[in-house]
Amino acid sequence: QRNYAWGRPQIRALIQDVYDYYLKSQISVENYYIGSLVVAKKEHYFEVLDGQQRFTTLNLLALFLKSKLKNKKLDQFNGIHLSFESREKSATLLNSLWKFVSDQSIEQKIERLNAEYGDHAILRGYRIIQEECSKIVQEDELGKFSDYLFDRVVILISHSSQKNHLF
């Protein structure tokens, strides 16, 4: 697995794409197929082989929305569903962010995490999502945008029995 590497252009494009389809759904409700995720079954989990950047960004977006909104759909997300087997610092940061969002202290803790872990890509991605989502989505639309994201945005999952099948 490579490090999380998406920056502002990719994150902004993802949020803008979802938002554009959300707006389009006001006229005609339809799903937005955001791409694919290739996974391999391990003993007790699925390893992401392709689509990790998008999947990580969507997890960070879910974190941001959960920090801003109180609703039952977001309450079902009570922990990170992403692991970085070979990237312990990334996994620790994601788990910390989920813990802080659950007790509503994320805004105060981001700076502490940044001081502790440096300018880590996971934290940078979260901050970019905060900024870009606030620019693209009006605050009074966040609830409906969140509903659209969780109800209508679809990731196609492909299963691979071995990594070698991808190469």
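Me: Why is tyrosine 19 called buried in this structure?

Reply: In this predicted model, tyrosine 19 has a relative accessible area of 10%, and since buried means under 20%, tyrosine 19 is counted as buried.

Me: How do you know whether tyrosine 22 is buried or exposed?

Reply: The relative accessibility of tyrosine 22 is 3%, which is set against the limit of under 20% for buried residues, and therefore tyrosine 22 counts as buried.

Me: Where do tyrosine 19 and tyrosine 22 lie?

Reply: Both belong to helix 1, which covers residues 8-25, and they stand 3 residues apart, about one turn of the helix.

Me: How many aromatic pairs does the structure hold, and what makes the pair of tyrosine 19 and tyrosine 22 tilted?

Reply: The structure holds 5 aromatic pairs. In the pair of tyrosine 19 and tyrosine 22, the ring centres are 5.7 Å apart and the planes meet at 40°; rings pair if their centres lie within 6.5 Å, and planes under 30 degrees apart would be stacked while those over 60 would be edge-to-face, so this pair is tilted. Tyr19 and Tyr22 also form one aromatic cluster with Phe145 and Tyr148.

Me: Why is tyrosine 21 called partly exposed?

Reply: Tyrosine 21 has a relative accessibility of 26%, and because partly exposed is the class between under 20% for buried and over 50% for exposed, tyrosine 21 counts as partly exposed.

Me: What makes tyrosine 32 count as buried or exposed?

Reply: Tyrosine 32 has a relative accessibility of 11%, and with the buried class set at under 20%, tyrosine 32 counts as buried.

Me: Why is the pair of tyrosine 21 and tyrosine 32 called stacked?

Reply: The centres of the two rings are 4.1 Å apart and their planes are at 15°, and because planes under 30 degrees apart count as stacked, the pair of tyrosine 21 and tyrosine 32 is stacked. Tyrosine 21 lies in helix 1 and tyrosine 32 in strand 1, residues 32-41, so this pair ties together parts that are 11 residues apart in sequence.

Me: How do you know that lysine 24 lies over the face of tyrosine 21?

Reply: Lysine 24 is at 4.4 Å from the ring centre of tyrosine 21, whereas the limit for a charge over a ring is within 6 Å, together with a position within 35 degrees of the ring normal; lysine 24 is accordingly placed over the face of tyrosine 21.

Key
Residues numbered from 1 in each chain as written. Predicted model: local features only at pLDDT ≥ 70, side-chain atom pairs only at ≥ 80, totals over all residues. Heavy atoms only, no water. Phe/Tyr/Trp six-rings, centres within 6.5 Å; stacked < 30°, edge-to-face > 60°. Helix = DSSP H or I, 4+ residues; strand = E, 2+ residues; numbered from the N terminus. Buried < 20%, exposed > 50% of the residue type's maximum accessible area, 1.4 Å probe, protein only.
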